[in-house]
Every structure is written in structure tokens, then in C-alpha cells.
Amino acid sequence: MSVENQSVVPEASSHGIVIIGAGLAGWHVIDAIRAKDKDMPITLITADSGDRYHKPMLTMAISQNKSASDLVRATGSKAAEAANVNLLANTQVTDIDASTQQLQLVSALRSDPVYTNYATISYDKLVLAMGAHPIFPQSLPEDLVWHVNHIERFGQLQEKLASGRQHVAIVGAGMVGTEIAEDLLKAGHEVTLIDLNDAPLSQMLPSKATARIAQAVKSQGIDFLGGYQVSDVIRNSDGKLQVSYESVASGADSNIAQSLEPLIVDHVIASTGLTVDDKLPAAAGVEFNRRTGIVVDATTLRTNTSSIYAIGDCMSINGVACRYVAPLRAQAATIADDILGHEHDGYEHKPPMIRLKNKAISVMVTGVPQATGNWQVKTETDDELIMDLLDDNDVVSATVTIKAPVMPKG
Ligand SMILES: Cc1cc2nc3c(=O)[nH]c(=O)nc-3n(C[C@H](O)[C@H](O)[C@H](O)COP(=O)(O)OP(=O)(O)OC[C@H]3O[C@@H](n4cnc5c(N)ncnc54)[C@H](O)[C@@H]3O)c2cc1C
């Protein structure tokens with residue numbers, strides 16, 4: 001083992017359990033192991049500071065005037081000390097050699113050569129908890145466009161927005177885009193929400209349901225541009241961003257994109273989906289699906305490579321990525337038991353209840369929703385819509401419940 005900087009990577013023949021990634025998934029695994037074993041050596045390697053925070057807060061915090069530091073529940077170093085964990089913060093894993101059970105590390109603060117340390121460490125058991133990263137389509141250059149998939153980037157955006165009312169364009173009306181749109185509106189900003197589809201959440205719900213969401217979003221004052229594609233974002237000489245977009249007509253004979261007057265905005269946020277980097281899984285020989293991420297055994301959360309597990313946004317179970325918080329505790333408990341050699345019943349995956357955090361409309365989904373399929377109306381009134389998705393055997397595989405918000409009295 002070659003270790004170049006002892007202050008970053010302490011000398012030890014093996015680092016026991018090594019976890020890559022200090023998001024909710026990585027920290028859940030540490031909590032689960034420590035609940036059963038206080039002494040097993042654990043090394044947590046993360047490209048960020050390792051600070052503990054609740055990521056779902058990132059779509060609620062701006063209207064509450066909360067900065068990134070307000071959201072940190074414990075700094076990485078404090079949390080690591082409390083959990084008796086060796087934290088290698090600001091450290092990127094660049095390679096995994098599964099045959100020798102070794103990892104290559106490099107400083108994530110490479111802009112300053114003083115901090116650049118290269119090292120190799122070994123593991124007995126490895127947990128991949130490295131999340132997924134935002135997809136930036138070509139039309140959304142990464143250097144001009146924000147994302148809210150990490151507290152650090154969120155913090156920079158929050159600081160910019162704290163200076164007063166600004167115009168923000170959000171590209172992508174999935175859950176994150178729809179939630180942050182309402183949060184920014186509540187914080188007093190002008191918000192334009194743009195999506196390829198006619199309504200928010202169109203990739204998971206049928207049009208009858210999403211039409212209600214579009215209506216609620218628009219009536220609260222968000223400028224929703226449904227059926228449009230952003231073609232370009234450039235910075236003007238006055239510092240504002242010019243967002244060009246075009247209508248994508250869906251008629252059979254009209255594939256012609258129609259250009260419109262560009263939007264001039266202060267900020268653009270991309271919420272156009274997540275993808276998992278295949279570099280480390282490929283290096284480790286771990287089975288990987290380009291769309292859904294690392295493939296694990298559904299009951300043990302082991303990958304197909306010996307001694308390597310995966311959890312959180314980077315993995316998928318039974319062909320479905322599950323990028324939600326609720327299942328993490330049970331998944332982490334299974335990984336902890338399996339690693340510690342304790343008897344366990346195996347993880348039983350239950351799709352979590354999905355709840356949109358918007359207040360303008362209440363949207364709750366159970367099961368595994370998908371936009372297309374045999375959706376049947378169960379209840380339909382002005383205030384409520386309940387629909388079931390039936391599979392080929394007429395068994396309910398998902399249910400969506402949409403309710404008008406209950407207005408406070410007085
Ligand atoms: C804005 C927003 C709102 C959300 N709201 C909800 C909600 O209301 N309810 C819900 O259930 N879910 C919600 N989610 C999803 C949920 O937050 C995520 O599923 C969960 O936080 C993912 O955790 P993770 O640890 O897998 O990934 P991440 O939080 O992405 O953590 C990955 C970690 O890996 C590190 N890393 C990556 N690559 C490397 C490398 N090569 N070397 C070293 N370290 C590396 C990163 O630095 C990071 O620490 C939301 C997500 C977002 C973005």
C-alpha cells in the first residue's frame with residue numbers, strides 16, 4: 001500500500017469497512033453498523049466535507065431564509081468523531097481494484113496543489129454510497145446553470161438569491177423542479193418553470209392527474225411553460241441569462257420546433273434528472289445499468305462483486321432506481337447485518353410513499369408509478385382525484401391521490 005500523506009490517510013494495513021459517499025445513504029450505513037458494533041474500523045471517504053444534512057430540505061429552505069450552514073445538522077468532522085469513524089473528507093475515489101481490494105484516492109481540492117495527495121487504501125468490505133449526479137443537457141451549460149442536488153451548490157445559489165427578488169427559470173418539472181419552483185415563489189422571486197411535457201410530473205403520472213398539478217402551479221403564480229424545450233442559455237453583456245426555448249408540437253405531422261422570444265432571467269436551475277457515474281462500478285466489475293445505476297441483490301444489497309455493497313441514489317433494486325430517503329434505514333440495517341456476519345431476514349423492498357412537498361396541491365403516490373399504463377379513476381371530484389395503475393393481471397401497482405389544499409380558516 002502506498003500512502004503519501006499520513007495526515008490524510010492514517011497508516012493501517014486495512015481500513016476495515018470503507019464507505020464511499022457521505023450523503024444520507026453513507027451516514028445511514030454508519031449509524032446502522034454503530035448500533036450493533038462500536039469498534040469495527042470504518043473509513044468514510046467523500047468528495048465533499050462529509051457534513052450531515054437532510055437533502056429534502058433543499059427544496060424548502062430558501063423560502064425559510066435558511067442558508068447551507070443552517071441546514072447542517074453536524075459537521076463531517078464532528079459526526080465522524082461521534083461515530084468513531086475515520087473520515088477522509090474532500091477526497092475522491094478514482095479507481096477500485098476488486099482483485100486486490102484497494103482504492104485509489106486523490107484530493108478533491110485539486111485546484112490547490114498543496115492539498116493534492118494521491119493514496120491507495122485497502123478495504124475488507126466496501127459500500128458504494130456515491131449518489132447520482134445531475135444530468136446537464138447540452139443546451140444547459142454547467143458553468144451557467146445551477147442544480148440543487150448538493151448542499152454546497154445550493155448554498156451558493158441561496159446566497160445569490162438572498163439579495164432580493166430575482167427572475168429564476170427552472171428547467172424540468174419533475175418533483176425537484178416543481179418543489180423548488182414553489183419554494184422560490186414563496187421567497188418572493190419570479191419563477192418560470194419549463195418542461196417538455198404539458199404538465200409537471202408527467203414522467204410518473206397520467207395526464208388526468210398532472211393536469212390538476214399544472215393548474216395548481218399556474219394559479220399560485222408560477223409561469224409554467226409546458227411543451228417547451230430549452231435550446232440555449234447564454235450570458236448577456238449585462239450579466240443576465242438569455243434562455244432560448246422552442247415549442248415542441250406533438251402532432252403527428254408537426255415535428256417542427258417553433259422558436260419564441262428568449263426569456264431574460266437572473267438564474268437558471270436545471271432539474272433534468274440524475275445519472276450514476278459508471279466509472280467506479282466499471283472498474284470494480286460491478287453490474288451496472290446505464291439508466292438505473294448499480295445492480296444489487298434485492299435481499300442482501302450485495303453487488304455481483306465480492307465484498308462490495310451499494311445503497312442510495314447510485315443503486316437500483318429489481319431494475320428500478322429508488323431515489324428516496326425512506327428505504328435507506330432498512331437498507332442500511334441489512335448491509336450492516338450482512339457485513340457484520342449477523343443473521344438477518346433479508347431486505348424486503350417496499351416502494352416508499354412519494355409526497356410532493358408543494359402546498360398549492362397535495363400529491364401522494366404509493367407503489368411504482370409510471371406515466372403510461374392502465375390508470376383507472378377511483379374517485380373524481382373538484383377537490384379530489386384518486387387513480388389506480390393496474391398491471392396486466394389487474395392488480396394495483398400504484399395509486400395517486402391528489403387533493404386541493406385545505407385553506408387555513410379566517
Ligand atoms: C432537492 C432534493 C429534494 C429531495 N426531496 C426528497 C424528499 O422530499 N423525499 C425523499 O424521499 N427524497 C427526496 N430527495 C431524494 C433524496 O434526498 C436522495 O435520494 C438521497 O439524499 C440520496 O442520498 P445518497 O447518499 O444516495 O446520495 P448523495 O446525497 O448524492 O451523496 C453522495 C455522496 O457521495 C460522494 N461521492 C460521489 N462520488 C464520489 C467519489 N468518486 N469519491 C468520493 N466521494 C464521492 C458525494 O460527495 C456525496 O457525499 C430529494 C433530492 C433532492 C436533490
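Mentor: Let's start with the ligand, then move on to the sheets and some single residues. This is a predicted model, where local features need pLDDT of at least 70, side-chain atom pairs count only at pLDDT 80 or more, and totals for chains, interfaces and linings use all residues. Residues are numbered from 1 along each chain as its sequence is written, and side-chain values use heavy atoms, with hydrogens and water left out.

Trainee: How many residues surround the ligand, and which are the closest?

Mentor: The shell has 30 residues, and the closest are Asp-48, Val-93, Asp-313, Val-325 and Lys-357. A residue is near a molecule if one of its heavy atoms lies within 4 Å of it.

Trainee: How much of the ligand does the protein cover?

Mentor: On its own the ligand has 1,000 Å² of accessible area, and the protein covers 87% of that. These areas come from the Shrake-Rupley method with a 1.4 Å probe; for residues, only the protein chains shown count as cover.

Trainee: Which elements give two or more residues to that shell?

Mentor: They are α1 (24–36) and β6 (91–97), and β6 gives the most, with 3 residues. Helices (H or I, at least four residues) and strands (E, at least two) are DSSP runs, numbered from the N terminus.

Trainee: What does β6 pair with, and how do you know that they pair?

Mentor: Two strands pair if DSSP finds at least two bridges between them. β6 and β7 (residues 102–107) are joined by 6 bridges and run antiparallel, so they meet that definition. Asp-95 has Gln-104 in β7 as its bridge partner, and Gln-92 stands opposite Val-106 in β7. The two strands form a hairpin with 4 residues between them, and Gln-101 in the turn has a positive phi of about 55°.

Trainee: Which strands are at the edges of that sheet?

Mentor: The sheet is open, with 3 strands in the order β6-β7-β8 and antiparallel pairing. Its edge strands are β6 and β8 (118–122), each pairing on one side only. The twist averages 25° from one strand to the next.

Trainee: And why are β13 and β18 called edge strands in the other sheet?

Mentor: That open sheet has 4 strands in the order β13-β12-β11-β18, with parallel pairing. β13 (223–226) and β18 (267–270) each have a single partner strand, so one side of each is left without a neighbour in the sheet. Here the twist averages 20° from one strand to the next. Inside the sheet, 5 bridges join β11 (residues 167–171) to β12 (residues 190–195), and Ala-169 stands opposite Thr-192 in β12.

Trainee: Why is Ser-316 called buried?

Mentor: Buried means under 20% relative accessible area, exposed over 50%, and partly exposed in between (1.4 Å probe, protein chains only). Ser-316 has 2% relative accessibility, so it counts as buried. This residue lies in strand β23 (residues 315–317), and its side chain makes a polar contact of 3.4 Å with that of Thr-292.

Trainee: What about Gly-177, buried or exposed?

Mentor: Gly-177 is at 0% relative accessibility, so it counts as buried. Gly-177 is found in helix α5 (residues 175–186).

Trainee: Why do Asn-84 and Asn-318 get their accessibility labels?

Mentor: Asn-84 has 44% relative accessibility, so it is partly exposed, while Asn-318 is at 63% and therefore exposed. Asn-84 lies in the loop between α3 (76–82) and β5 (86–88), and has a positive phi of about 55° although it is not a glycine. Asn-318 is found in the loop between β23 and β24 (320–321), with a positive phi near 50°.

Terms used: Axes fitted to C-alpha atoms, helices over the stretch in contact; angles between N-to-C directions. Polar contact = N/O pair within 3.5 Å; in protein donor to acceptor, adjacent residues only side chain to side chain.
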